[in-house]
Amino acid sequence: MLDALLEEARQDENVIGVVVHGSRGRGLHVHEGSDWDVVVVVREPAGRYGSVRGGRLEAFEVTNLADLPDWMLPAVTWTTPALDKTGAVTAQLAEVTTIDPATAAEPLDGYVNSYYRSAKNARAGLQLAALLDAQESIPHYLEFLFAVHGRVRPYNKWLEWELEHHPLPVDVDLDRLERIARTGDLEDQQALFRETESLARKLGHGATIDGWEPDVALLRDG
């Protein structure tokens, strides 16, 4: 199935390259029913490689990988082009999967906001609201953590694999994140905030933390 598309793409002068993404692109969580997710990079839009969603091979045609929606970027991270006639596709992959660390300020602020709401709701006895806010803080935290190191946050199902095979320069306590998601424990949230604050200040995002004054001390220690 993929071989036929690749052979056609090799003969098509309009095609620059092909990227297999998703589970098959990484060789991770692949099973007998796994489909083939493919991005075909072309010189000019032609609609030749489009496909119906839900088929065994789902092809998506773009003129540049920068045209991919943000939600697709984790799918192409750590992949190697199946076809790259000019080297341009490899260069595009490197560009779209590299994040400007300056953009980490926004998810950092989102993380602190959700944690702040969780702590506030817990102290008011609103346990469900506190738990939901704690859970919502985790995606913001992970996005900050990867962005501040110039990387795309992986999909949740690939998080453990990525940290094992492409570790960040800081330790990530997944057990603690799971406890926060399950219980909203304030001590765990405080510990996570202290670590996050230290990292943020070290990597130039102290202003975002300072924007939460006069509550920063409360966020650290309750």
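Mentor: Let's start with a pair of helices: α5 and α9 cross in a left-handed way. Here left-handed means that the near helix is turned anticlockwise from the far one by less than a right angle, and clockwise would be right-handed. Helices (H or I, at least four residues) and strands (E, at least two) are DSSP runs, numbered from the N terminus.

Trainee: What should I know about the model before I go on?

Mentor: This is a predicted model, in which local features need pLDDT of at least 70 and side-chain atom pairs count only at pLDDT 80 or more, while totals for chains, interfaces and linings use all residues. Residues are numbered from 1 along each chain as its sequence is written, and side-chain values use heavy atoms, with hydrogens and water left out.

Trainee: At what angle do the axes of α5 and α9 cross?

Mentor: Axes are lines fitted to C-alpha atoms, for helices over the stretch in contact, and angles run from 0 to 180 degrees between N-to-C directions. The axes of α5 and α9 cross at roughly 155° and come within 11 Å. The two helices are therefore roughly antiparallel (angles over 145 degrees; under 35 is roughly parallel, 65 to 115 roughly perpendicular and the rest oblique). Residues making the contact (heavy atoms within 4.5 Å) include Y111, Y115 and A119 of α5 and Q189, F193 and T196 of α9.

Trainee: Which residues of α5 are buried?

Mentor: Buried means under 20% relative accessible area, exposed over 50%, and partly exposed in between (1.4 Å probe, protein chains only). In α5 they are P107, L108, G110, Y111, V112, S114, Y115, S118, A119 and N121. They pack against α6 (127-147), α9 (186-202), α10 (206-210) and α11 (216-221).

Trainee: How far does α5 reach from its first C-alpha to its last?

Mentor: The expected span is 1.5 Å times one less than the number of residues. Helix α5 (105-123) has 19 residues and reaches 27 Å, close to the 27 Å expected. After α5 comes G125, with a positive phi near 80°. For α9, 17 residues reach 24 Å, close to the expected 24 Å.

Trainee: Which helices do the buried residues of α9 pack against?

Mentor: Those residues, among them D188, A191 and L199, pack against α5, α6, α8, α10 and α11. Take α8 (174-183): its axis comes within 9 Å of that of α9, and the two cross at roughly 135°. That makes α8 oblique to α9. The contact involves R176, L177, R179 and I180 of α8, with D188 and L192 among the residues of α9.

Trainee: What is the order of the strands in the open sheet?

Mentor: Two strands pair if DSSP finds at least two bridges between them. The four strands run β3-β2-β1-β4, with mixed pairing. β3 and β4 (83-84) stand at the edges with a single partner each, so one side of each has no neighbour in the sheet. Helix α1 (2-11) packs on this sheet, touching β1 (15-21), β2, β3 and β4, and its direction makes about 160° with that of β1. Helix α4 (88-96) lies across β1, β2 and β4, at about 45° to β1.

Trainee: How many bridges join β2 to β3?

Mentor: Six bridges join β2 (36-42) to β3, and the two run parallel. V39 stands opposite F60, and D37 opposite E58. In β3 (57-62), five of the six residues are buried.
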